[in-house]
Amino acid sequence: MKKIAYLIFLCCATACNSSSQNNTANLKLNKTMNSENKITKTDEEWKEILSPEQYHVLREKGTEAPFSGKYYLDKEKGTYVCAACGAELFKSDTKFDAGCGWPSFADVIDSSKVIFTRDISHGMIRTEVTCAKCGGHLGHVFDDGPAPKHLRYCINSASIELKK
Ligand code: FE
């Protein structure tokens, strides 16, 4: 099952990137984490407050299986916060269905809320998105989102919580 999910993930990432406009090239990479209110915990402390899936995605840079996350098709209004630290990250009115199997957002609430990092794992060149407050892995951002920014934040449901 994991292998199939991974293959779907690779196909999606490749297909979606075929219309790449290189908008992610304008994102500022490798900002440091917010020094103000920064949250640091030991692995054991994170394990106490996160579910095993949340811990795997947020702290071990895991990826949930496509089409499996609780927010993939969710259309409720509200603000999506980091599931680990509560930082406000995405508004529901920027959420759209990209057909890729993960919650997709056209923009982040404020670029200071996230950190962008070049990720060359799994034979791909991607831009990883992490929470600037706690360092939790959220997902990746791609170049094929809607106007005006043409960005698609592909985010794991396990990394976020909707506050209605
Ligand atoms: Fe966080």
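Guide: Two strands are said to pair if DSSP finds at least two bridges between them. Strands are DSSP runs of E with at least two residues, numbered from the N terminus. In this structure, which is a predicted model, four bridges join β6 to strand β7 (residues 137–142), and the two run antiparallel.

Visitor: Which conventions apply to the numbering and to the values?

Guide: Residues are numbered from 1 along each chain as its sequence is written, and side-chain values use heavy atoms, with hydrogens and water left out. As the model is predicted, local features need pLDDT of at least 70 and side-chain atom pairs count only at pLDDT 80 or more, whereas totals for chains, interfaces and linings use all residues.

Visitor: What is the bridge partner of T130 in β7?

Guide: The partner of T130 is H137. The hairpin of β6 and β7 has five residues between its strands, and G135 takes a positive phi near 80 degrees there. Strand β5 (residues 114–119) is also joined to β6, by six bridges in an antiparallel arrangement, with R118 standing opposite T127. β5 and β6 form a hairpin with six residues between them, where H122 in the turn has a positive phi of about 60 degrees.

Visitor: Are the faces of β6 buried or exposed?

Guide: A residue is buried under 20% relative accessible area, exposed over 50%, and partly exposed in between (1.4 Å probe, protein chains only). In a regular strand the side chains alternate between the two faces of the sheet. For β6, both faces are covered: R126, E128 and T130 are buried on one side, and T127, V129 and C131 on the other. Six of the six residues of β6 are buried, so this strand is largely enclosed by the rest of the structure.

Visitor: Which residues are the protein donors of the iron ion?

Guide: Donors are N, O and S atoms within 2.8 Å of the metal (3.2 Å for Na, K and Ca); water is not among the atoms, so sites may look incomplete. Here the SG atoms of C82, C85, C131 and C134 lie 2.3 to 2.4 Å from the iron ion. Along the chain, these donors follow the spacing C-x2-C-x45-C-x2-C. C82 lies in strand β1 and C131 in strand β6, so the pair ties together parts that are 49 residues apart in sequence. C82 is buried, with a relative accessible area of 2%, and C131 is buried at 0%.

Visitor: What is the geometry of the site of the iron ion?

Guide: Four donors count as tetrahedral if all angles lie between 85 and 135 degrees. The ideal angle for four tetrahedral donors is 109.5 degrees. The angles among the four donor atoms of the iron ion are 100 to 116 degrees, and the site is tetrahedral.

Visitor: In what order do the three strands of the open sheet stand?

Guide: The order is β2-β1-β9, with antiparallel pairing. β2 (88–91) and β9 (160–163) stand at the edges with a single partner strand each, so one side of each is left without a neighbour in the sheet. Strand β1 (residues 79–82) pairs with β2 over three bridges; Y80 has F90 as its bridge partner, and T79 stands opposite K91. In the hairpin of β1 and β2, G86 takes a positive phi near 85 degrees.

Visitor: Where is S157 found?

Guide: S157 is found in the loop between β8 (152–155) and β9. This residue is buried, with a relative accessible area of 2%.

Key:
Tetrahedral: all angles 85-135°; square planar, octahedral: opposite > 155°, others 65-115°.
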